[in-house]
Amino acid sequence: MTERPVLYLVVCAAGPAEHIDELVDLLTADGWRVCMIVSPTAATWLDRQALQDKTGYLVRVEWRMPGDPEPHPPADVVVAAPVTFNTVTKWALGINDTLALGVLNESLGAGLPIIAFPHTKAELAAHPAYAGHLAVLRAAGVVVADGKPLESVNGPGRWNVVIEALRAARTS
C-alpha cells in the first residue's frame, strides 16, 4: 500500500484560521497527511497541541536549528489557507522573514503545486499593489482562488472550496 500524499497547510492570521481544525479533518478524511506551518500571529490563535494530535506532526512556527532533522516529510502539494494581504505581498516579493513565508517561497522555487486562498479586507484588496502581487504569484504557477472564498457566512462549508480545488488539481 502506498502512503497517503503529504500536504503542507500554511495558515496565516485571518478569521478562518480560528476554524482550521475543520479543514484539517476534511483533508485527513480526503486522504492527505497534513503538516501545518503557521504564521507567528496565527500560532497565538490556535491550539497547536490539539492540531498536532490531529495531524501527528509538529505544528511549525519557527525555523529549525542547523543540523536539526526536518520534522515534516517532503510535501506533494502546498495549500495556503487563509493567506493574508501581508503574506501575499511579501511572498510575491520573495521576502522570507517567517517560516510560513520561507515554506511558500521554497515551495514555489521547487515547483510544487500551490493553491492559495486569500482572505483580505476589501480596503487592503483595493491597495494598488495587491492585484499586481496576485498576478506575480499566478504567473509563477500558484493557483490563487478568486474573491474571498473562505467567508465565515459559509460556516464549516467554507472549506469545501479547498477540497474541490485539491481534487481538481489531482485530476489535471
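# A chat about a predicted model

Analyst: Thr 87 is located in helix H4, where helices (H or I, at least four residues) and strands (E, at least two) are DSSP runs, numbered from the N terminus. This is a predicted model in which local features need pLDDT of at least 70, side-chain atom pairs count only at pLDDT 80 or more, and totals for chains, interfaces and linings use all residues. Residues are numbered from 1 along each chain as its sequence is written, and side-chain values use heavy atoms, with hydrogens and water left out.

User: Ok, is Thr 87 buried or exposed?

Analyst: Thr 87 counts as buried because its relative accessible area is 8%, and buried means under 20% relative accessible area, exposed over 50%, and partly exposed in between (1.4 Å probe, protein chains only).

User: And what does Thr 87 touch?

Analyst: Not counting residues up to four places away in sequence, Thr 87 touches Cys 12, Leu 101 and Leu 104, where contact means heavy atoms within 4.5 Å.

User: Leu 101 and Leu 104, which helix has those among its buried residues?

Analyst: Those belong to H5, whose buried residues are Leu 99, Ala 100, Leu 101, Gly 102, Val 103, Leu 104, Asn 105 and Ser 107. The buried residues of H5 pack against strand E1 (6-11), E2, E3, helix H4 (85-93) and E4.

User: How many residues does H5 have, and what should they span?

Analyst: Helix H5 (residues 99-110) has 12 residues, which should span 16 Å at 1.5 Å a residue, and its end C-alpha atoms are 16 Å apart, which agrees; the expected span of a helix is 1.5 Å times one less than its number of residues. H5 is followed by Gly 111, whose phi is positive, near 80°.

User: Switching to strands, what is their order in the sheet?

Analyst: The order is E2-E1-E3-E4-E5 in an open sheet of 5 strands with parallel pairing, and two strands pair if DSSP finds at least two bridges between them. E2 and E5 are the edge strands, each pairing on one side only.

User: What about E4, which strands does it pair with?

Analyst: Strand E3 (residues 77-83) runs parallel to E4 and is joined to it by 4 bridges, with Ala 80 opposite Ala 116 in E4. E4 also pairs with strand E5 (residues 143-144) in the parallel sense over 2 bridges, and here Ile 115 stands opposite Val 143 in E5.

User: Why is E4 largely enclosed?

Analyst: Strand E4 (residues 114-118) is largely enclosed by the rest of the structure because 5 of its 5 residues are buried. In a regular strand the side chains alternate between the two faces of the sheet. In E4, Ile 114, Ala 116 and Pro 118 point one way and Ile 115 and Phe 117 the other way, and all are buried.

User: New topic: where is Leu 137?

Analyst: Leu 137 lies in helix H7 (residues 130-139), and it is buried, with a relative accessible area of 2%. Among the residues that Leu 137 touches, not counting residues up to four places away in sequence, are Val 88, Trp 91 and Val 144. Leu 137 and Val 88 are 49 residues apart along the chain, and their C-alpha atoms are separated by 8.3 Å.
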